[in-house]
Every structure is written in structure tokens, then in C-alpha cells.
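This report walks through selected features of one protein model. It begins with the chain as a whole and then turns to particular helices, rings and backbone positions.

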Amino acid sequence: MYVGECQGHGVRTDFEMVHLRKVPNQYTHLSGLLDIFKSKIGCPLTPLPPVSIAIRFTYVLQDWQQYFWPQQPPDIDALVGGEVGGLEFGKLPFGACEDPISELHLATTWPHLTEGIIVDNDVYSDLDPIQAPHWSVRVRKAENPQCLLGDFVTEFFKICRRKESTDEILGRSTFEEEGREIADITHALSKLTEPAPVPIHKLSVSNMVHSAKKKIRKHRGVEESPLNNDVLNTILLFLFPDAASEKPLDGSSSTDNNNPVSESEGYNLYNQFKSAPSDSLTYKLALCLCMINFYHGGLKGVAHLWQEFVLEMRFRWENNFLIPGLASGPPDLRCCLLHQKLQMLNCCIERKKARDEGRKTNTSDMYPGDAGRAGDQLGPDNLKDMDKEKGEVGKSWDSWSDSEEEFFECLSDTEELKGNGQESSKKGGPKEMTSLKPEGRLYQHGKLTLLHNGEPLYIPVTQEPAPMTEDLLEEQSEVLAKLGTSAEGAHLRARMQSACLLSDMESFKAANPGCFLEDFVRWYSPRDYIEEEVIDEKGNMVLKGELSARMKIPSNMWVEAWETAKPIPARRQRRLFDDTREAEKVLHYLAVQKPADLARHLLPCVIHAAVLKVKEEENLENISSVKKIIKQIITHSSKVLHFPNPEDKKLEEIIHQITNVEAIIARARSLKAKFGTEKCEQEEEKEDLERFVSCLLEQPEVLVVGAGRGHAGRIIHKLFVNAHRAAAMAPPEEELKRMGSPEERRQNSVSDFPPPAGRELILRTTVPRPAPYSRALPQRMYSVLTKEDFRLAGAFSSDTSFF
């Protein structure tokens, strides 16, 4: 195989190598190899100087026997009390399906032996591995073990690449009576105008769509639906716990899941990943879809659940039931768009509910006796409390537009409207205005009074600004940007942005008859009202106030808005936030999502859940290298997921990293089970073992302290004994084959261990060559024997000066 030589100063070394496929029987032991070595040296001295020997035997343990792999494969058919496949909904699976450690290699080494001290020939051997002074261990890891969490996330990621829409996946059979159903929907408006015996409020376009959907649902046979009813009902109950009671809870359902997880770091990961809080509906939905995709019907199951989910959303909108598992308030722009859309729908339901409740209170005996108090009642209780946190920068830009006359369900009598209209149309000064009844007062301002008549200033009930999701904000900023920089464009932009200001001015005028712009500015923007101490004619120090310079600019927006504002309380104004239209937009958005879009929206939630799962499992094992990798995954993911459409390759990298961590944790568990770290009674021994196991995970080869007599050594010995016994109980033919060769029969004298899988020997000596008077030079031969391999490599030196 290899031949060469090295010429030095008065020395020549010959390198030779032999490689045989079959091992000759006489060379399977030390005495045979010594014969070769001596004959190669051909030393002229009669008593040959002693040969120094180093031996290393490697034993392979493949059969762990009593240590079966602890991970149970999930039972897919089991469905008991919300558990699917031994897994509850909302819990991710974890662990490897096969043992991630395939073999243990034990190397027993005798580094310094002298010829004559030990016997190792074809009938007997002194080389007992237990007695070896050095033991070292390596483990062979299974290549790419199948890991449950990794598979779960990978399968879900595959949906992102599908092109089909929900209807295509579920088949057109869902619309058997297509013609009739569609006709129903298209003629919805003409049906609305027909005289109908049904009360009109029950008949709306959205209701017709809903009833059509119900029929569709009836048409689909049970045998056709991808998800069986038990699974579907269990999931829907998990997602909507409030549906278990007869009637969904009123407001509490939206906050019942809102207790933040104690571990704030893990809980707030959603900010970094742009996913959703780990107790929210969106997060739970992501986990359910993941599970359905893996265990129950794949892509069809996902499409089916999504269709049911959208129907549930429409049902809740139509019946004023809040969606559970969402934080109240405007859409949280730190979360994924789907979560924002659901929050938006909740805002719409809240507004609609508040309005409906307001209508109920106002149609009772209170109205129209004291409009002010009725306004108060509707305002603080229903509007303010519901929407306290809904401050949002963006204003609904289409709400001021006069071009589309939009009707608003006024909560008042038409006569009162007429009266108010006539009064407000008189363009007189504050005298006429003072004759108006104050309306829509929230409460009295502590200190301020009106500048002109000294009446206490009342803070009005105002409309909340419109909540917005990030796509609407983007849309709005695009529209504003397109208006350009011309004077007309700037004016239009200002009008669009002042819809909220105008509404607040109208509310203020209604609550404070006889007020002026200065009064409004003092309450609304105190910095724009400058007060100075001046000395009047009588010599007294008095406070004199005036509007700021920016308020005095000619054709100022505020002045213009104040002049056009009429004294109308918030409840009779046109809505800034048209909840009906916004809700329909959200429902449409949800309905047109393909499973691929859905998977893209929810992938950050799934990765977020996977990272939390890995962190939770790592905490139990405490592996320092894994901690570092998890930090890297979080940093990497937060960079990738913050962009709207992350590249597939980058997402695959993240999933691959998560799978790697899962495999490392599974390996750690496998080794802990095999070395029984939990069973140690003595604390010191337990610590040593745990250190040994963590080194095995992270280093290529680990020295066993105390060799065969140390604690780890005794465990390894026991593992080999058990495996050997199991092999001894094999059928007789196999036993005969096993005991076939003389080498194996000889080895049986050391019965605890199987024959070594590899033997390495190094023979060294220093002798004069080629003549007795030559200089004494080093001679070396290395040999390795495995089952199918026999190699010898020699370096034999001779003296070139004295030969």
C-alpha cells in the first residue's frame, strides 16, 4: 500500500505498509505480531533487547438491551378528554422517535507493557479490559434522528408552499346547489327591499351569507369532512372555552386568558418574533392547525378547521359575542397581522355591543326627557370604559368625506334632530347657542370655566379614534403620500387628518353651549393657550390669555373646523369608526385566506411555540451549549421574522436549528437514562456521572476516571455484561457461528466483554542494525485488526555509517 524511505545523517529509515482483507489466524494476537516484528528487524544480537508494547482494544456496544428508548411514539387514534395522540391541544410534542445514540465505543488502553510481562496467544490472553489502566469512551450519534418537534414544524412549513385555495382543497362538492345558493346571496339587496313579514333588523346581507354557509355545511356529508366531529368539537372548545356555557360570557371572555405568564422573558418573545402572546387565540389556533396538519387530515384538515373558524368569527360578530383570548384595546402592531385582524374584529364587536346596549337604555323611559343625562349614561359607561385604551395615531381618513352619505343609526327622535338642526343653523353668536340644551357631558372639569359666561367647563363624551391594523395604516399613509405637496393636496391631507378633531369640537360645543374656540383649546391643547400676568387699569395683576401664534395663522385648520362644527353630541355624530364596514372587511379578509397564506401568518407563532418548548425542555436538562444555541435561534428568528415576507431559506435554517437543539436534548436524555444518573444515591457520584454525560455530549472522546473501577466504569461494564448475556441467549445456530473462530473461543475466557471490534498495537524497540556494531536506532511497528481489515505499518531504521 505504501513504501518509502527517509535519509538522515548516517541513518536510513524504511517505511513499509501491508493491508490485507483477511486476517491470517497466526497474527490475531500479540505473540504472532512479535514474531513478525522480530523477523523484520533481523537483529544480529542474540539476547534481543526487550520490546516495549502499547495496546488499545475497542469494544462496541450496540445492544442497549434493558434500556429501551423512553420516547413513546404518539398514539394517533387516542382522543380522550381533549388529548390527541397523547398530546393535549396547545402542547407541542418533543423528543426523538428513535434512540439518538446508536453505539457506545469503549477503548481500553495499556500504554506501557514490556514483552514477557503478559501472555496473549491463540489459546490464552492476559488482556482483561477490566484491568486496563486507561478507559475512554465515545458515543456514536444516530444521523438525523427523527425528531417530533422538528417534524411538526417542518410539515407545517410545507403548507406555505401550497397554492390551492380552501374551496379547491375541500372540493366543489360543498356547493351542490351552487346556483340557488349564489342566487340567494346576489339577490340579498332586493330581498331587503321586499315587504317582509320578518322583523327587518334580522335580515341583513351578512345574515344571508351566513345562512347560505349554514346550508353548505348541511350539504357536506359526514363521511366527506376531513376532520371527524369529535376532533373538530374538541378543538373548537379548546379555542373558544366560552362556548361551553349556554351563552358566551359577556366581556369577561375576552380577558379570561389574559393573565400574563410569570416568565416574562418567554412570554414577551412575541414582540421579537412578531407572533402573538402565548395565551392568545391566534397562538392556540397556530398550534391546533399544526397538530391537525400532522395527525388529522393534513392540508384538508387545515382547510376544514379554518372554514369553521371563519364561520365562528361571523357568528360572533352577528350575535355580539366577544372573541376570547384577545387582549382588549386597539390592534397590537407588535403582533402578526392575523392577530391584529382578530383584535380589530373584537373592537368592532365591542362598539356594536356598546351601541346596541345604549339603544336599549335610551328607548326606555329615560328618553327623550333629559338628553344630557342619557348621553352621560351612554358615554362613560359604555363607550369610555369599553374603549379606554383605544388611543391610536391613525384616523379613519374616509370618515369625513361628504361624498358618500352614510346613514348612522341615530339614537334619537327625529323631532329632536330637527329642532337641533334648526337651532344650530342660526349662525348667530353665543347668545343663540346658549339657548341650546347641553348634551353629552361626561363630567365637569375641575378648575376651568368658560371665558365668556363663567359657566363651569364640561368635558364632553367624545368618539374614540378609529383603531387600525398595520395594513390599513400603510394604505392610509400611501393615500396621504399620493396627495403630493401642492397647496390643494396639503389642504386635503389636513382635512383627512382632522376628522377626529372636528368630531371632538362638535361634542365640546354640545356639552358647553356658548363656548368659544379659546375654551376648546384650553381643554384640548393647553399649550396653545398662552396666559400672561398683566396689570389692568386699576393697577391689579390679572391673568390675560390668548391663542398661540400657530392658532392665529389665517385660514388655520382649527379655526376652519371650529366654524364648521355644529353642536352635536358624540352619540348623534357620524361614526369616525364604522364598525360594520370594518368588521365585514376583516371577515372578508379571513374568508379569502388560502391555507398557504394562513401558514405564513401563523409560522412566527409556531416558531415562537417551538422555541418556548425547547427552552422548557432544556431547563430540565441544563446543557450549557444548548443555552447558547437557543439564544442564537432567538436572535436569528427576531431578525428574520420582522420582515413581512421572510425568505424560505432563512425560515428553513431556523427550523433546522430548532431540530438540532431537540436532537441534542434527546441525546442527553438517552445518555442519562443509560447511565442511570437519576438512580444515584450519593450526591458526589451523581455529580460525577452528570459531568461525565455532559462531556460525552460535547467532546469527541472522554476519559473514564478510575477506568473499570470508577463509578462510570462500573456502569459501562454492567452495560456490556447485560448485552453479552442477551447475546448468549441467542438460538444455538447463531451461537455456533458466534463461537466459530478460535480467536473468539479464546476471547471467551474473558466472558464479560464481546470480542474487541478493533485492536491496535504499537511495538517499539531500539537495536543496532544491520551489524552488531552499528549504532542502536529506534524500530517501530503499528498494527490494527478489525473484522475485515488487517494493516501493518513499520518504520525500520539502519545505520549507514557503520554497516
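## Overall picture

Two residues are in contact when heavy atoms of theirs lie within 4.5 Å. In this predicted model, 75% of the protein chain's contacts with a separation of 6 or more are between residues 24 or more positions apart.

The protein chain holds 28 helices and 16 strands. It has 803 residues, and 48% of them are buried.

## Helix α10 and its crossing with α2

Helix α10 covers residues 281-295. From its first C-alpha to its last, this helix of 15 residues reaches 21 Å, close to the expected 21 Å at 1.5 Å a residue. Of the 15 residues in α10, 14 are buried, so the helix is largely enclosed by the rest of the structure. Just after α10 comes G297, which takes a positive phi of about 90°.

Helix α2, residues 148-159, meets α10: their axes come within 9 Å and cross at roughly 95°. Angles of 65 to 115 degrees count as roughly perpendicular, and α2 and α10 are therefore roughly perpendicular to each other. On the α2 side, the contact involves D151, F152, E155, F156 and I159. On the α10 side, the residues are L289, C290, M291, N293, F294 and Y295. Sorted by class, the contact of α2 with α10 has eight nonpolar residues, one polar residue and two charged residues.

## Helix α18

Helix α18 takes in residues 499-511. Its 13 residues reach 19 Å from the first C-alpha to the last, close to the 18 Å expected at 1.5 Å a residue. Since 12 of the 13 residues of α18 are buried, the helix is largely enclosed by the rest of the structure. The buried residues of α18 include A499, C500, L501 and S503. Also buried in α18 are D504, M505, E506 and S507, and then F508, K509, A510 and A511.

## Aromatic pairs

How many aromatic pairs are there, with ring centres within 6.5 Å? The count comes to 22. One of these pairs is F508 with F520: the ring centres are 5.3 Å apart and the planes stand at 75°, so the pair is edge-to-face. F508 lies in helix α18 and F520 in helix α19 (residues 517-524), so the pair ties together parts that are 12 residues apart in sequence. F508 and F520 are both buried. These two residues also belong to one aromatic cluster, formed by F508, F520, W523, Y524, W558 and W562.

A second pair to look at is F720 with F753. The centres of these rings are 5.0 Å apart and the planes are at 35°, so the pair is tilted. F720 sits in helix α26 (residues 711-728), while F753 is in the loop between α28 (742-747) and β14 (758-768). The pair links distant parts of the chain, 33 residues apart. F720 and F753 are each buried.

## Backbone positions in loops

K274 has a positive phi of about 50° although it is not a glycine. This lysine is placed in the loop between α9 (269-273) and α10. With a relative accessible area of 15%, K274 is buried.

A707 is another residue other than glycine with a positive phi, here near 45°. The loop that holds A707 runs between β13 (702-703) and α26. A707 is buried, with a relative accessible area of 2%. In a further loop, the one between β14 and β15 (776-786), lies P770. A cis peptide bond joins R769 to P770, with omega of about -5°.

## Q307 in helix α11

Q307 belongs to helix α11, which covers residues 298-318. Is Q307 buried or exposed? Its relative accessibility is 18%, so Q307 counts as buried, the limit being under 20% relative accessible area. The C-alpha atoms of Q307 and L170 are separated by 9.7 Å, and the two residues are 137 residues apart along the chain.

How values were computed
Residues are numbered from 1 along each chain as its sequence is written. This is a predicted model: local features need pLDDT of at least 70, side-chain atom pairs count only at pLDDT 80 or more; totals for chains, interfaces and linings use all residues. Side-chain values use heavy atoms; hydrogens and water are left out. Axes are lines fitted to C-alpha atoms, for helices over the stretch in contact, and angles run from 0 to 180 degrees between N-to-C directions. Helices (H or I, at least four residues) and strands (E, at least two) are DSSP runs, numbered from the N terminus. Angles under 35 degrees count as roughly parallel, over 145 as roughly antiparallel, 65 to 115 as roughly perpendicular and the rest as oblique. Ala, Val, Leu, Ile, Met, Phe, Trp, Tyr, Cys and Pro count as nonpolar, Asp, Glu, Lys and Arg as charged, and the others, Gly among them, as polar. The expected span of a helix is 1.5 Å times one less than its number of residues. Buried means under 20% relative accessible area, exposed over 50%, partly exposed in between (1.4 Å probe, protein chains only). Rings of Phe, Tyr and Trp (its six-membered ring) pair if their centres lie within 6.5 Å; planes under 30 degrees apart count as stacked, over 60 as edge-to-face and the rest as tilted.
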